[in-house]
Amino acid sequence: MSSEFRLALIGQAAFGKSVLEALLDDDQSVVAVFCPPDREGSPPDPIKVCAVSHGIDVFQFQRMRDAAAIEAFRNLQADLGVMAFVTDIVPLEIIQAPSQGTIQYHPSLLPKHRGPSSINWPIIQGETRTGLSIFWPDDGLDTGPILMQKDVEIGPNDTLGTVYFDKLFPLGVEAMVESVRLVKAGEAPRIEQDHSQMTYESWCRADDAIVNWSKSVEEIYNLVRGCDPSPGANGTFSGERIKFFSASRDSASAGGAPGEVAKIDETGILVNCRNGAIRIGRVQASGRKKQSASEWAEDFGISPGDRFESTRSD
């Protein structure tokens with residue numbers, strides 16, 4: 001392919017690095033990479049390391065809205081902007097600067113699940129399919145026209161981690177390269193979103209992931225796996241917050257009150273909920289590393305009949 005079509009990549013972390021590597025492997029011309037500034041005491045961002053190793057100019061601004069960032073981007077005279085895992089607000093001055101505009105990756109089937117935690121929420125809400133969108137960003141939040149979409153199954157045992165790393169990550173890298181090719185060939189569509197079908201959720205944080213043990217097995221199971229590994233569904237035990245991971249369902253009622261520990265064995269701890277029980281395989285207590293739930297129970301002297309607390313009633 002010709003190297004005359006100039007790409008400016010904005011991204012970070014493993015996904016940004018993988019998109020950069022895939023574009024270079026596809027013989028695309030990436031003239032610059034924009035990523036967040038280095039953090040003191042932490043290694044440089046993987047995308048920066050990759051860019052430097054290939055002799056690509058790297059720009060690191062605290063905010064992409066800063067005048068210096070806008071000027072640096074404009075001076076590149078890029079043909080296409082590529083946004084791969086961007087958490088900063090990118091202004092229209094940058095989005096519209098390349099001659100062919102800018103494309104962006106979003107891990108949901110827009111207009112569903114706009115917002116920053118768009119992989120967590122479909123799982124938490126019990127959906128069985130999700131996907132990714134490559135779209136043309138505008139001045140709204142995930143509102144621009146669609147270039148390409150690919151859907152994936154949310155299996156009954158999938159977690160946030162498996163949906164992202166096993167499905168949306170690799171498929172997203174492929175879709176970004178495919179989309180660049182389409183733009184370069186002048187064949188990339190711009191399909192307006194059906195805004196009447198939009199949903200939006202903000203960040204999925206620890207306070208959004210508090211388990212209400214009076215809910216159904218399915219609701220609690222979906223919450224735990226939709227927050228595994230981050231932010232971690234959680235409850236409290238003796239006033240201490242405990243995060244739950246590696247959950248499975250037990251539809252047969254174990255008896256006892258919601259939140260009560262019904263059984264402890266090598267597979268984990270079985271906790272009662274409204275119409276069954278949830279088996280928790282791993283936990284993380286405050287200030288501690290993740291460990292098997294049975295080890296935690298032994299360390300803290302947990303016994304059947306003890307009860308987890310929940311401060312969430314919705």
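Biologist: What should I know before reading the model?

Modeller: The model is predicted: local features need pLDDT of at least 70, side-chain atom pairs count only at pLDDT 80 or more, and totals for chains, interfaces and linings use all residues. Residues are numbered from 1 along each chain as its sequence is written, and side-chain values use heavy atoms, with hydrogens and water left out.

Biologist: Which residues of helix 8 are buried?

Modeller: Buried means under 20% relative accessible area, exposed over 50%, and partly exposed in between, with a 1.4 Å probe and protein chains only. Helices are DSSP runs of H or I with at least four residues, strands are E runs of at least two, and both are numbered from the N terminus. In helix 8 (residues 293-300), Ala293, Ser294, Trp296 and Ala297 are buried.

Biologist: Where do they lie around the axis of helix 8?

Modeller: An α-helix has 3.6 residues a turn, so residues three or four places apart point the same way. The buried residues of helix 8 fall within an arc of 160° seen down its axis, so they line one face; the arc is taken from the directions from the helix axis to the C-beta atoms. Just after helix 8, Gly301 has a positive phi of about 70°.

Biologist: How many residues has helix 1?

Modeller: Helix 1 (residues 13-25) has 13 residues. Asp27, which follows helix 1, has a positive phi near 65°.

Biologist: Is Met198 buried or partly exposed?

Modeller: Met198 counts as partly exposed because its relative accessibility is 36%. Met198 sits in the loop between helix 6 and helix 7 (217-226).

Definitions and conventions. The expected span of a helix is 1.5 Å times one less than its number of residues.
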